[in-house]
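Welcome, and thanks for taking a look at this one with us. Please have the model open as you read the short report below.

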Amino acid sequence: MISFEAVAISMQGRTLVRDISLSVMAGEKVVLRGRSGSGKSTLLKAVVGGTPITAGAIRVGSLAVVPENIQRIRQEIAYISQEPGMSRETAAEDLLLPFTFKAHSGKEPTAAQIEAVLDRLLLDPAILRQKSATLSGGEKQRLVIARAILLDKRIFLADEITSALDAESKDAVFSFLLESDHTVLSISHDPEWIGRCSRVFTIENGILREEK
Amino acid sequence: MEALDIPLTGFALLYLLLLLPLYLLRRLKLGLGREVLISVVRMSVQLFLVGIYLKYLFAVNSLLLNVLWIMVIMVVANLNILKKAGLAVTKLFWPSLAGVACGTLVVLGIFLLLVVRPTPLYDARYMIPLAGMLLGNCMNGNILSLERFYSGLRKDESTFLTYLLMGATLKEAVHPFMREAIRSSLAPTIASMMTIGIVSLPGMMTGQILGGSFPLVAIKYQIMIMIGIFSSLVISMVASLYLSLPFAFDSMLMLKDEIFAAKKKG
């Protein structure tokens, strides 16, 4: 589903990671660990063309991550960060933001579809009337996941998402992301998250190593 | 009615007035004395040189010279915009210049062709000061909007990337950043329009009244210039931001690092 083939990334003349080879199969849950600044987030962003690679290749399905394919690749993937940015006035506007873009116009979900998705993530539909700025970190993350479900994303890149979660959010996020058939490539230091992933890798001195 | 000329002794006293603020700055140990003195000397020399040049420009009153002068000040303003906004001149010179030219020339054209209608239309007495006033304001606004737009994108790259992953085109993904940059950069101009005439008497109007114009004529010019400034500001900001996009993003639609000016070491 996602494959790294001898990937190297340099930034400002410094090699951040080198010779990274890794295949994440469809439905698999893989987690990366490593010290701050070790290049984990950079590697995750490279999957969606957020960081240029200096050697090797990254593929999503059969598509290489190159300018010609980047739009199709981005359609498949959701990226969730520790503190997802909410740019609109209300939670409803933020949830439905993608449907204001040309690519999804006319494909707005019905009220019943929205309610079903919110229910799956243990979110009260009343949350949609709340100001985005008043939402907790966990609520924001669940809304971002809800948005990705409405967009029918199959691959999730999750960057340290558990650190801002309260207990209720944690349950909902864990069961959705880690017990579903979605492909998840994540970064985490949370032992509970790591324990529930199928494979664990560490990045140290720019090298990727699988933990047994 | 002619304005009273300022006698040489009065003019010299004007510089003595600076002693008071310089003393206060020194007492507060702000260390700004040298900078203030340099800026006062530069301001005086620049204005005298421009005065001499304008006298020549007004006397010759040639279309070619006027256009050439406006082009020169547009280039100087553009260099200043990019420098103050922390952006690389080599990467964004042309789109930024085109944006500044759009805002200044469209409004200047309307002023000369439809509002003031001097004879000849390129009369230096109208064309040059109006262009200078519009350009000066465009410059300040564009510094703010370009700086806020590109630094906002750099700071919040994850949000920008999230928009792209939600299916946004480049224009759709930068729209929230553009909206915020324009909104905050326009705030000082809007605030100044709100209070003009009550809190502040604008420089141009005061100058015209001192120069012998009737207050009502001066006010009409002031309203014209305020509307012009606002319009040229919005046009140049929007044009500069949109025209710079193809130069600022790579083929993966990510912001290029090289559009930012290299930080000086030390």
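The lining of the largest cavity is made up of nine nonpolar residues, one polar residue and two charged residues. This is a predicted model, and searching the whole structure turns up one cavity of 30 Å³ or more. The largest cavity holds about 90 Å³ of space.

Which residues line the largest cavity? From chain A come A:Ile77, A:Ala78, A:Tyr79, A:Ile80, A:Val144, A:Arg147, A:Ala148, A:Leu151 and A:Lys153, and from chain B come B:Thr162, B:Leu165 and B:Met166. Two or more of these lining residues are given by each of strand 6 (77–80) of chain A, helix 5 (137–150) of chain A and helix 7 (157–165) of chain B. Strand 6 of chain A makes the largest contribution to the lining, with four residues.

## The largest pocket

Turning to open space, you will find that the largest pocket has a volume of about 900 Å³. It is lined by 22 residues, and those closest to the pocket centre are B:Ser44, B:Leu47, B:Phe48, B:Val50 and B:Gly51. By class, the pocket lining has 17 nonpolar residues, four polar residues and one charged residue.

Which helices of chain B each supply at least two residues of this lining? They are helix 1 (8–16), helix 3 (33–60), helix 4 (63–84) and helix 6 of chain B. The largest share belongs to helix 3 of chain B, which provides ten residues of the pocket lining.

## Two crossing helices in chain B

Helix 6 of chain B, one of the contributors to the pocket lining, also meets another helix. The axes of helix 6 (residues 124–155) and helix 10 (residues 215–248) of chain B come within 8 Å and cross at roughly 45°.

Sorted by class, the residues of their contact comprise 17 nonpolar, nine polar and no charged.

## Salt bridges

Over all chains, the count of salt bridges comes to 13. Have a look at the one that A:Glu28 forms with A:Arg199, where the closest N and O atoms are 2.7 Å apart. A:Glu28 sits in the loop between strand 2 (14–24) and strand 3 (29–34) of chain A, while A:Arg199 belongs to strand 9 (residues 199–204) of chain A, so this pair ties together parts that are 171 residues apart in sequence.

Notes. Residues numbered from 1 in each chain as written. Chains lettered and ligands numbered in written order. Predicted model: local features only at pLDDT ≥ 70, side-chain atom pairs only at ≥ 80, totals over all residues. Heavy atoms only, no water. Axes fitted to C-alpha atoms, helices over the stretch in contact; angles between N-to-C directions. Nonpolar A, V, L, I, M, F, W, Y, C, P; charged D, E, K, R; others polar. 1 Å grid on protein atoms, 1.4 Å probe; cavity = no way out; pocket = protein on both sides within 12 Å on 5 of 7 lines; lining within 4 Å. Points joined across faces, edges and corners; volume = space filled by probe spheres on them. Salt bridge = Lys/Arg side-chain N within 4 Å of Asp/Glu carboxyl O.
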